[in-house]
Amino acid sequence: MIRINAFIRLKDAADAEQVKQIAQELVAQSRKDEGNIAYDLFHSATDPQNMMFCETWENIEALKAHEKQPHFTTIVPQISKYTDGQMKLEKFEF
């Protein structure tokens, strides 16, 4: 199993609602991807500019296939417009 925690930092905390709206489609479609176990977006309660995607995949092949899906390749760039351009990615295997 693969767990991904992807942290993004918004340029402006006021953009959080816009990012949540855009990300709803990414979350909904990603949950339908083969091999997906969980896919969620969280907004920090202590720092309004921080958000985190938490993803759990059956295996690395499922994750790689997800990264090629149209919902990933079109929505992630839309979200990136609201970030400072840096993403902290933590990958766990179990």
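Author: In β3, the residue that stands opposite Ala6 is Phe53, and this strand is the part that I will follow here. The model is a predicted one, in which local features need pLDDT of at least 70 and side-chain atom pairs count only at pLDDT 80 or more, while totals for chains, interfaces and linings use all residues. Residues are numbered from 1 along each chain as its sequence is written, and side-chain values use heavy atoms, with hydrogens and water left out.

The names of the elements come from DSSP runs, numbered from the N terminus: helices are runs of H or I with at least four residues, and strands are runs of E with at least two. Two strands are said to pair if DSSP finds at least two bridges between them. By that rule β1 and β3 pair in the antiparallel sense, over 8 bridges, and here Asn5 stands opposite Cys54. Another bridge of β3 has His43 and Met51 as partners. Further out, β1 pairs with β4 as well, antiparallel and over 8 bridges, with Ile8 opposite Met87 in β4.

How much of β3 is covered? Of its 8 residues, 7 are buried, where buried means under 20% relative accessible area, exposed means over 50%, and partly exposed lies in between (1.4 Å probe, protein chains only). Trp57, for instance, has a relative accessible area of 0%, so this residue counts as buried. Tyr39 is also buried, because its relative accessibility is 1%.

These two residues bring us to the aromatic rings. A pair of aromatic rings is described by the distance of the centres and the angle of the planes. Rings of Phe, Tyr and Trp (its six-membered ring) pair if their centres lie within 6.5 Å, and planes under 30 degrees apart count as stacked, those over 60 as edge-to-face, and the rest as tilted. By this rule there are 2 aromatic pairs. Tyr39 and Trp57 form one that is edge-to-face, with 6.2 Å from centre to centre and 80 degrees between the planes. Tyr39 lies in strand β2 (residues 36–43) and Trp57 in strand β3 (residues 50–57), 18 residues apart, and the pair thus links distant parts of the chain. Together with Phe53, Tyr39 and Trp57 form one aromatic cluster.

If contact is taken as heavy atoms within 4.5 Å, and residues up to four places away in sequence are not counted, Tyr39 touches several residues, among them Leu26, Phe53, Cys54, Trp57 and His66.

In soluble globular proteins, nonpolar side chains tend to be buried together. A nonpolar core is a set of buried Ala, Val, Leu, Ile, Met, Phe, Trp, Tyr and Cys residues joined through side-chain atoms within 4.5 Å. The largest core here has 19 residues, and those with the most contacts inside it are Ile8, Val19, Leu26, Tyr39, Phe53, Trp57 and Ile79. Two or more residues are given to this core by β1 (2–10), α1 (16–30), β3, α2 (60–66) and α3 (70–80), and α1 supplies the largest share, 6 residues.

The residues His71, Ile75 and Ile79 are buried in α3. They lie on the same side of α3 because they cover an arc of only 45 degrees around the axis, an arc taken from the directions from the helix axis to the C-beta atoms. Pro77 is found in helix α3 as well, but its relative accessible area is 39%, so Pro77 counts as partly exposed. Its C-alpha atom is separated by 18 Å from that of Tyr39, 38 residues apart along the chain.
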